[in-house]
Amino acid sequence: MRRGKSGWTLLFLLLVGLILGGFVGDLLGRFFKELSYAQVIGMNNPLALDLNFLKFSFMLTFKINIGTVIGLVLAIYSYYKM
């Protein structure tokens, strides 16, 4: 890495790229069928822990579409062009 760039900047750009790319992919997927393809990775049912006085539920799911991948690539490209 060059001086002045940090890992936090890369993490921030990746998160923004993933969020905006997913949003744009969902939006454009309504008009173009090719962009509507998405893959969901994760749990179907939440993991629950009941301690009688406190209950925890945990579920993790990733939805990846074409827009998400494009947003991720653009975030990495913009990081290295900074």
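**Exercise 1.** Is Asn52 buried, partly exposed or exposed? Classify Asn52, then look at its backbone.

*Solution.* The structure is a predicted model in which local features need pLDDT of at least 70 and side-chain atom pairs count only at pLDDT 80 or more, while totals for chains, interfaces and linings use all residues. Residues are numbered from 1 along each chain as its sequence is written, and side-chain values use heavy atoms, with hydrogens and water left out.

Step 1. Recall the classes: buried is under 20% relative accessible area, exposed is over 50%, and partly exposed is in between (1.4 Å probe, protein chains only).
Step 2. Asn52 has a relative accessible area of 75%, so Asn52 is exposed.
Step 3. Asn52 has a phi near 75°, a positive value in a residue other than glycine. Most residues other than glycine have a negative phi.

**Exercise 2.** Find which residues form the salt bridge, and describe where they lie.

*Solution.*
Step 1. A salt bridge needs a side-chain nitrogen of Lys or Arg within 4 Å of a carboxyl oxygen of Asp or Glu. Searching the whole structure gives one salt bridge.
Step 2. The partners are Asp26 and Lys63, whose closest N and O atoms are 3.3 Å apart.
Step 3. Helices (H or I, at least four residues) and strands (E, at least two) are DSSP runs, numbered from the N terminus. Asp26 belongs to helix α1 (residues 7-29) and Lys63 to strand β4 (residues 61-65), so the bridge ties together parts that are 37 residues apart in sequence.
Step 4. Asp26 is partly exposed at 38% relative accessible area, and Lys63 is partly exposed at 47%.

**Exercise 3.** Describe the surroundings of Asn65.

*Solution.*
Step 1. Asn65 lies in strand β4 and is buried, with a relative accessible area of 4%.
Step 2. Count contacts as heavy atoms within 4.5 Å. Leaving out residues up to four places away in sequence, Asn65 touches Gly21, Gly22, Gly25, Asp26, Tyr37 and Ala38.
Step 3. The side chains of Asn65 and Asp26 are joined by a polar contact of 3.2 Å. Such a contact is a pair of N or O atoms within 3.5 Å; within protein, one must be able to donate a hydrogen and the other to accept it, and residues adjacent in sequence count only if both atoms are side-chain atoms.
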